[in-house]
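Open the model in your viewer and keep the selection panel at hand. The tour goes from one selection to the next.

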Amino acid sequence: MHRCHGQQGDPALFAKYPDASALAAADPADLEKLIHSTGFYRNKAKNLIGMARTLRDHFKGEVPRTMDELLTLPGVARKTANVVLGSGFGIAEGIVVDTHVIRLSGRLGLTRHKTPEKIERALVKMFPRDSWIFLSHALILHGRSLCSARAPKCGDCPMNSFCPAAQI
Ligand code: SF4
């Protein structure tokens, strides 16, 4: 099963591959073992090595700080790029739209759109830019802690008085 580990890094992974060059030269089988528990590990290992090679060969081994450049990295789409820009560099370029944000945007009645790109476009129009980084974290945390896919704890939710999907 796919599991997301949020913003926590993996000490063993970073100890073995401390920079882009080290990761670019990784043996895929070794890397797969280290990230096995995250799910989809074969594809992730392939993308991680491809990403590290792109960083090494095109960005002097440094993570770029623009959306357009981040999107050139294998395995990186807007969701990941927004996490890196927002949480890594404090740059509010957009809103992270992951499975939690998709679900909560619908339940809270923020948008009827279903695709991440359209949801993000709707959310950035609705909220001021200086709230985007906080909002991404807040929605994801709320989705993980109270508003889960299968059993939302609406009775404990501070938004239950105005949420259209509240079940109380
Ligand atoms: S009231 Fe229920 S459905 Fe609405 S945001 Fe809160 S937990 Fe989710």
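**Stop 1: around the ligand**

Select Arg107, Leu108, His142, Cys147, Pro152, Cys154, Cys157, Asn160, Cys163, Ala165 and Ala166: these are the residues around the ligand, each with a heavy atom within 4 Å of it. This is a predicted model, in which local features need pLDDT of at least 70, side-chain atom pairs count only at pLDDT 80 or more, and totals for chains, interfaces and linings use all residues. Residues are numbered from 1 along each chain as its sequence is written, and side-chain values use heavy atoms, with hydrogens and water left out.

Colour the shell by class. It has eight nonpolar residues, two polar and one charged. Here Ala, Val, Leu, Ile, Met, Phe, Trp, Tyr, Cys and Pro count as nonpolar, Asp, Glu, Lys and Arg as charged, and the others, Gly among them, as polar.

**Stop 2: the largest cavity**

Stay with the ligand. The space it takes is the largest cavity (more than half of the molecule's atoms lie within 2 Å of the grid points). A cavity is a set of points, on a 1 Å grid over the protein atoms alone, where a 1.4 Å probe fits but cannot get out; lining residues have an atom within 4 Å of a point. Its volume is about 130 Å³, counted as the space filled by probe spheres set on the points. Now pick His142, Cys147, Cys154, Cys157 and Cys163, the closest to the cavity's centre of the 15 lining residues. By class, that lining has eleven nonpolar, two polar and two charged residues.

**Stop 3: the second largest cavity**

How many cavities of 30 Å³ or more does the structure hold? There are two. Select Asn82, Val83, Ser87, Val96 and Ser136, which are the closest to its centre among 14 lining residues. Show α6 (78-89) and α9 (132-145) as well: each supplies at least two residues of this lining. The lining divides into six nonpolar, seven polar and one charged.

**Stop 4: a salt bridge**

Go to Glu32 and Arg42. They form a salt bridge, with the closest N and O atoms 3.7 Å apart (the cut-off is a side-chain nitrogen of Lys or Arg within 4 Å of a carboxyl oxygen of Asp or Glu). Glu32 lies in helix α3 (residues 28-35) and Arg42 in helix α4 (residues 41-58), so the pair ties together parts ten residues apart in sequence. The structure holds three salt bridges.

**Stop 5: zoom out**

Switch to cartoon. The chain has nine helices and zero strands, taken as DSSP runs (H or I, at least four residues, for helices; E, at least two, for strands) numbered from the N terminus. Colour domain 1 (11-62) and domain 2 (77-168), with bounds from an automatic or database domain assignment. Their centres, taken over C-alpha atoms, are 29 Å apart.

Definitions and conventions. 1 Å grid on protein atoms, 1.4 Å probe; cavity = no way out; pocket = protein on both sides within 12 Å on 5 of 7 lines; lining within 4 Å.
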